[in-house]
Amino acid sequence: MIRISWLKKIWDGRSKGISTVLGTVFLTLVIFAISTNVFIWTLSRNAEYTLAVKEENQKNIDCLSENVIASGTNYSVSGKKVFIKVTVKNAGSVAAQIIKLWVFDTSQQKYNCTSMNLNLNPGEGEELRGLKTLQVTIFGANQSHEFASWFVTARGNTVPLETIQEIIVAQVAQGIGSISMDFPTFRSFQYDINDMLKDYPNGTLSYSVPYDTPIAFGVVLTNLDPSREPIHLDKYSQLWLDFPAVPGVPPFAWHIVSETNGIIDASYSEVSILYAETKLIIFASAEPGSFSSLSKVEITHGQLKDIELGAVNLLLHGIIGDSDYGQNIPFVSLSCHP
Amino acid sequence: MQIRKIFRILFDKRAINNAVSATIMTSVVIALGLSVFTWAQARSSDYNSEFSETVDTETARLREKLAFEYVFYDAPNLTVFLLNCGTIDDVKIKTVYIYDSSSAPIQIFSDPLLYSFQGLDEIPDQDLDIQDEGRLVLTISNPEKLSGFCNIKIVTVRGATFDTDFVA
């Protein structure tokens with residue numbers, strides 16, 4: 001209708017204002033189209049930017065929430081290899097990935113690193129010991145050197161490896177020499193079947209043992225050698241029990257044995273304790289260097305009273321670094337009962 | 001009657017003039033409107049692409065993140081081990097600033113070479129992709145000026161800055 005009336009007006013010679021109207025409509029359309037286009041475009045780009053900012057903020061929060069703890073670090077050196085034993089725990093609220101270990105030999109100002117791929121969920125931990133021990137090559141490294149090390153996570157955080165607490169006087173006083181024993185964890189074992197220790201590794205935490213039953217002993221030792229050398233115990237190391245109140249009774253001896261998950265090896269493989277390392281050592285055999293069902297030791301009741309108190313000595317022998325080593329720790333009294 | 005009508009069509013131009021002028025005016029307005037639309041569209045398109053570029057650059061800069069794994073100074077060489085822990089590839093280093101303990105600039109390195117993490121080879125494309133590691137070896141021309149607690153600042157091509165402290 002409008003178009004027809006416009007044409008009619010033009011035909012009748014009354015076209016005044018038509019072009020103005022058309023122009024206004026056009027310009028309005030142009031302004032509307034362009035501004036809408038620009039507005040929507042700007043809005044979408046702004047949304048993209050805001051999203052990127054949001055993502056980065058989240059990443060920063062994750063980065064700050066990452067909390068990996070590396071403790072109980074122990075360094076040992078063999079040739080140019082530095083072995084690092086450490087306990088890692090993810091104490092943060094986000095999963096963490098450890099990608100690198102840096103080790104710095106502060107004594108000679110040398111460093112090196114090794115790549116890793118250790119993924120830890122929140123609360124998860126990992127014992128990087130035994131087969132999982134980490135190693136880094138540093139030329140000229142020595143056991144007596146000081147080391148500093150840190151992990152690098154995929155988020156770019158660094159985690160310092162905390163070393164074992166330095167030796168304190170009280171610890172050294174526990175043993176006169178290079179090895180100390182942990183008194184509260186002294187334990188005895190009975191046998192399950194053949195050469196298998198019952199309830200390994202916990203055993204029975206007690207200073208009381210039964211008569212007439214084959215038993216073995218477990219002692220937790222720490223190498224506190226001031227020169228930081230590893231100690232290698234030979235087959236003659238033994239736990240020795242004497243009854244001073246009953247002079248006629250010969251002392252009992254349990255020689256050191258090597259074991260794997262509580263199963264005692266038939267022949268002794270040298271047991272070594274690295275500097276600052278704490279290890280459970282088993283004494284079980286009547287014979288030095290070997291173990292069989294015949295070499296199990298039991299305290300015979302015989303002429304001993306029903307409850308008899310014995311003095312226990314730990315006779316340790318072997319090599320410390322390149323030198324001979326021998327230590328006698330008079331440490332525990334033991335009551336025996338039927 | 002018919003002859004009269006034809007005559008009027010041929011020789012009476014009063015209304016025709018108006019129609020022609022109205023048509024011309026309308027065409028001109030349409031043409032002008034279209035050209036204004038095209039011009040404005042082109043201008044807004046330019047603005048859009050400029051804005052888009054700015055947003056892209058800012059977003060990329062935001063996503064860049066470099067971690068200093070280790071900074072080791074053995075006069076006169078300063079070795080910086082870097083990890084791209086951001087969420088964007090192709091992080092290129094434009095400039096490295098070294099400041100002394102009083103925050104005075106000691107030396108500026110432009111376009112320093114990026115080496116592979118543990119080898120002697122240069123990284124071919126001279127950039128770090130996501131989770132890539134690289135190494136900068138910067139030779140300080142006046143090592144005697146560098147002592148105590150110093151600072152290193154890295155500026156990337158996209159304009160992001162990262163800095164850390166080290167002891168010389």
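Analyst: Two strands pair if DSSP finds at least two bridges between them. The model discussed here is predicted.

User: In β7(A), which residue is the bridge partner of A:F104?

Analyst: Strands β3(A) and β7(A) pair in the antiparallel sense, over 7 bridges. Within this pairing, the bridge partner of A:F104 in β7(A) is A:A148.

User: Which residue in the turn between β7(A) and β8(A) has a positive phi?

Analyst: β7(A) and β8(A) form a hairpin, with 4 residues between them. The positive phi in the turn, about 90°, belongs to A:G156.

User: How many residues of strand β7 of chain A are buried?

Analyst: A residue counts as buried if 20 or more other C-beta atoms lie within 10 Å of its own C-beta atom. Strand β7 of chain A spans residues 147-153 and is mostly covered. Of its 7 residues, the number buried is 5.

User: With which residues is A:I84 in contact, leaving aside its neighbours within four places in sequence?

Analyst: A:I84 is one of the residues that touch the most other members of the largest nonpolar core. Leaving aside neighbours within four places in sequence, its contacts are A:T73, A:Y75, A:L101, A:V103, A:T133, A:L134, A:V136 and A:S149.

User: How many residues does the other core, which includes A:L233, contain?

Analyst: This core lies apart from the largest one. Its members include A:L233, A:V312, A:L316 and A:I320, and its residue count is 41.

User: Is A:N194 buried or exposed?

Analyst: A:N194 is in the loop between β10 and β11 of chain A. Its phi is positive, about 45°, although A:N194 is not a glycine. Because a residue with 12 or fewer other C-beta atoms within 10 Å is exposed, and A:N194 has 10, A:N194 is exposed.

User: Is A:N261, which has a positive phi although it is not a glycine, buried or exposed?

Analyst: The phi of A:N261 is about 50°, and the residue is found in the loop between β16 and β17 of chain A. Because A:N261 has 8 C-beta neighbours inside 10 Å, it counts as exposed.

User: Where is A:P201, and where is B:P76?

Analyst: The peptide bond from A:Y200 to A:P201 is cis, with omega near 5°. The bond from B:A75 to B:P76 is also cis, with omega near 5°. A:P201 is found in the loop between β10 and β11 of chain A, and B:P76 in the loop between β1 and β2 of chain B.

User: What is the order of the strands in the open sheet of chain B?

Analyst: The sheet has 4 strands, and the pairing is antiparallel. Its edge strands are β1 and β5 of chain B, since each pairs on one side only. The twist averages 30° from one strand to the next. The order is β1-β2-β6-β5.

User: In β6(B), which residue is the bridge partner of B:F81?

Analyst: Strands β2 and β6 of chain B run antiparallel and are joined by 7 bridges. In β6(B), the bridge partner of B:F81 is B:R135.

User: Which element gives the most to the side of chain B that touches chain A?

Analyst: Between the chains, 32 residues of chain B are in contact with 31 residues of chain A. On the side of chain B, α2 and β1 each supply at least two residues. By class, that side has 17 nonpolar, 10 polar and 5 charged residues. The most, 23 residues, comes from α2(B).

Methods
Residues are numbered from 1 along each chain as its sequence is written. Chains are lettered from A and ligands numbered from 1 in the order in which they are written. This is a predicted model: local features need pLDDT of at least 70, side-chain atom pairs count only at pLDDT 80 or more; totals for chains, interfaces and linings use all residues. Axes are lines fitted to C-alpha atoms, for helices over the stretch in contact, and angles run from 0 to 180 degrees between N-to-C directions. Two residues are in contact if their C-beta atoms, placed from the backbone, lie within 7 Å. Ala, Val, Leu, Ile, Met, Phe, Trp, Tyr, Cys and Pro count as nonpolar, Asp, Glu, Lys and Arg as charged, and the others, Gly among them, as polar. A nonpolar core is a set of buried Ala, Val, Leu, Ile, Met, Phe, Trp, Tyr and Cys residues joined through C-beta atoms within 7 Å.
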